[in-house]
Amino acid sequence: MNGKASGSTSRNGYIGRFAPSPSGPLHMGSLVAALASWCDARSNGGTWLMRMEDLDPPRESPEAADQILFTIEALGLHWDGAVLYQSLRHDAYQQAIAELARQELVFACDCTRQQIQENDGIYPGTCRDRSLANRPEMALRCRVTGTTLAFVDRIQGRQQQNLEKEVGDFVIRRKDGLFAYQLAVVVDDAWQGITDIVRGIDLMDSTPRQCYLQQLLGYPGPTYAHIPVIVNREGQKLSKQHMAKPIDPTRPAPLLLTALTYLNQNPDPALTGAAPCDILAWAVSHWDPGRLTGIAALQEPH
């Protein structure tokens, strides 16, 4: 595969992105991730792209994508260029699978989720050598090696993972025929020329799989910075699954100040009552991801 980017224009060589899934309206956890990504891009004089990860129709609501984009704009987090919709990128994902198959790294699998959970969630290679036919009801997995993959996260420090021992051969196309997140995110990051990824720490465990695919497909590896996630009083990640409340885009200023507080940026008290554009200008000029170093979770106020 050609690792060349799609030709996204870059300011100062930095290209970042925000990539929400349209499974519901934006909540505070998603806003914190968006704001961190935006501040990091703008403080580096970079480009900030918007990608809609709409690859899972059964989990998506028809109006969610538009709601998310409206909310992001209402908060003043303007993106560069056109929105990229993953639902229009199936041919690119199929081409990536074809390249992995050419390297003899793809195999069909009929294992159930329960079978894998019985092995502590680590795929044991059951179907590696069964030579199953690639039928529509089969998942496709990418074969891994025992090599330990390591990367240095800008916020969380050095990370490493042995894919074979800790994950196993992983899914790149699901049994229902949908392309897996791990594959799609790697293909699109390369196509958009993404250089820097700022996202929640809940996705850090996926990063070694993405680094592995980048190597196999000949793509350059972005720099990663994983920010803490917000957890509720039960210790659960603030998410749609755990009934996180949608944010109200008609109150942008207090929302931005709250999000900056979550991000340990200590917004100036003088910003209370300020216009959103002034809050964002302050956020860019004072952005310091080092304030999040080593922090995995931030508690939602009771």
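**Helices, strands and buried residues in a predicted model**

Helix 8 (residues 252-262) is mostly covered, with 8 of its 11 residues buried. Here, buried means a relative accessible area under 20%, while exposed means over 50% and partly exposed is anything in between (1.4 Å probe, protein chains only). Helices (H or I, at least four residues) and strands (E, at least two) are DSSP runs, numbered from the N terminus. This is a predicted model, in which local features need pLDDT of at least 70 and side-chain atom pairs count only at pLDDT 80 or more, whereas totals for chains, interfaces and linings use all residues. Residues are numbered from 1 along each chain as its sequence is written, and side-chain values use heavy atoms, with hydrogens and water left out.

The buried residues of helix 8 are Pro 252, Ala 253, Leu 255, Leu 256, Leu 257, Ala 259, Leu 260 and Tyr 262. What do they pack against? Their partners are helix 1, helix 2 (64-74), strand 11 (229-231), helix 9 (276-286) and strand 12 (297-299). Contact, throughout, means heavy atoms within 4.5 Å. Just past the end of helix 8 comes Asn 264, with a positive phi of about 60 degrees.

Helix 1 is worth a look next. Two packed helices are described by the angle between their axes and the distance between the axes. The axes are lines fitted to C-alpha atoms, for helices over the stretch in contact, and the angles run from 0 to 180 degrees between N-to-C directions. Helix 1 packs on helix 8 at an angle of about 75 degrees, and their axes are 9 Å apart. That makes the two helices roughly perpendicular. On the helix 1 side, the contact is made by Met 28, Leu 31, Val 32 and Leu 35; helix 8 brings Leu 255, Leu 256, Thr 258, Ala 259, Leu 260 and Tyr 262. Sorted by class, that contact has 9 nonpolar residues, 1 polar and no charged ones. For this sorting, Ala, Val, Leu, Ile, Met, Phe, Trp, Tyr, Cys and Pro count as nonpolar, Asp, Glu, Lys and Arg as charged, and the others, Gly among them, as polar.

Helix 1 also packs on helix 9, at an angle of about 65 degrees and with the axes 8 Å apart. This pair, too, counts as roughly perpendicular. Leu 35, Trp 38, Cys 39, Arg 42 and Ser 43 of helix 1 meet Leu 280, Ala 283 and Val 284 of helix 9. The classes in this contact come to 6 nonpolar, 1 polar and 1 charged.

Ala 33 lies in helix 1 (residues 28-43) as well. Buried or exposed? Ala 33 is buried, because its relative accessible area is 16%. Not counting residues up to four places away in sequence, Ala 33 touches Phe 18 and Ile 227. Ala 33 and Gly 200 are 167 residues apart in sequence, yet 6.4 Å apart in space, C-alpha to C-alpha.

Helix 6 (residues 181-191) has 9 of its 11 residues buried, so it is largely enclosed by the rest of the structure. The buried ones are Gln 182, Leu 183, Ala 184, Val 185, Val 186, Val 187, Asp 188, Asp 189 and Ala 190. Just after helix 6, Gly 193 has a positive phi of about 70 degrees. One of those buried residues, Gln 182, turns up again among the contacts of Arg 209, along with Leu 163, Val 167 and Phe 170, leaving aside neighbours within four places in sequence. Arg 209 sits in helix 7 (residues 207-217) and counts as buried, because its relative accessibility is 14%.

On to the strands. Two strands pair if DSSP finds at least two bridges between them. Strand 1 (residues 15-18) and strand 2 are parallel partners over 4 bridges, and Arg 17 stands opposite Leu 49 in strand 2. In a regular strand the side chains alternate between the two faces of the sheet. Strand 2 is covered on both faces, with Thr 47, Leu 49 and Arg 51 buried on one side and Trp 48, Met 50 and Met 52 on the other.

Elsewhere, 3 strands form an open antiparallel sheet in the order 4-5-8. Strand 4 (106-109) and strand 8 (170-173) stand at the edges with a single partner strand each, so one side of each is left without a neighbour in the sheet. The twist averages 45 degrees from one strand to the next. Strand 5 (residues 139-142) pairs with strand 8 over 3 bridges, and Cys 142 stands opposite Phe 170 in strand 8.

Technical notes
Parallel < 35°, antiparallel > 145°, perpendicular 65-115°, else oblique.
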